[in-house]
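Let's take a friendly tour of a protein model, looking at its charged pairs and its open spaces. Keep the structure in view as you read.

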Amino acid sequence: TEGLIAYLRESEEEDELKYSLKRLIEGLAATREAARPGFSLALAQVLQSFSDLPLSAVLEHILEKYNLQKLNKKVLRNAVFGTFFGVLALFQSGRLLQEPEVVLQAVQLLQRLSQYRDHLKDLPRKALIDILSEIGRAH
């Protein structure tokens, strides 16, 4: 990830950052389960390094990519994981609390994701507790 961040900082092309975000977001729903946390962590680190990038735009991109209402059952499982790991990346970036409207959207999204217990087990609930605990510490 350090190499990617260094490359993006040196690059004069704004499209490089957009392309990298697109690929990282696509990776959140990788069919290889072990790859998803890696993409999530990489996305979190990129978001941490590029603080001028609004989290609201990233969340919007995640929601467009993984619109859970419009997907068939065959790809639903990966999309559920992609959405979850996307929210996790926003939180792990350390910037989530700086954008209150995104916090609200993330909390609501985690609540909706909790209905997919067959796939995610208790992961959304645990992430929700972590986010709310962080809010409590910040205030």
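This is a predicted model: local features need pLDDT of at least 70, side-chain atom pairs count only at pLDDT 80 or more; totals for chains, interfaces and linings use all residues.

## A pair across the chain

Glu33 sits in the loop between H2 and helix H3 (35–49), while Arg77 belongs to helix H5 (residues 73–92). The pair, 44 residues apart, links distant parts of the chain.

## More charged partners

Side chains of opposite charge can pair when their charged atoms come close. The model has seven salt bridges. In helix H8 (residues 123–138), Glu134 and Arg137 are three residues apart, so about one helical turn separates them. Their side chains meet in a salt bridge at 3.0 Å, N to O. Arg137 is exposed, at 61% relative accessibility, whereas Glu134 is partly exposed, at 29%.

Asp122 and Arg125 also form a salt bridge, with 3.3 Å between the closest N and O atoms. Elsewhere, a network of salt bridges links Lys22, Arg23 and Glu26.

## The largest pocket

How much space lies in the largest pocket? About 310 Å³. It is lined by 15 residues, and those closest to its centre are Glu14, Leu17, Lys18, Leu21 and Leu53.

Helix H2 (14–27) and helix H4 (55–65) are the elements that each give two or more residues to this lining. H2 gives the most, with six residues. By type, the lining has eight nonpolar, two polar and five charged residues.

Key: Residues are numbered from 1 along each chain as its sequence is written. Side-chain values use heavy atoms; hydrogens and water are left out. On a 1 Å grid over the protein atoms alone, a cavity is a set of points where a 1.4 Å probe fits but cannot get out, and a pocket is an open set with protein on both sides within 12 Å along at least five of seven lines; lining residues have an atom within 4 Å of a point. Grid points are joined across faces, edges and corners, and a volume is the space filled by probe spheres set on the points. Helices (H or I, at least four residues) and strands (E, at least two) are DSSP runs, numbered from the N terminus. Ala, Val, Leu, Ile, Met, Phe, Trp, Tyr, Cys and Pro count as nonpolar, Asp, Glu, Lys and Arg as charged, and the others, Gly among them, as polar. A salt bridge is a side-chain nitrogen of Lys or Arg within 4 Å of a carboxyl oxygen of Asp or Glu. Buried means under 20% relative accessible area, exposed over 50%, partly exposed in between (1.4 Å probe, protein chains only).
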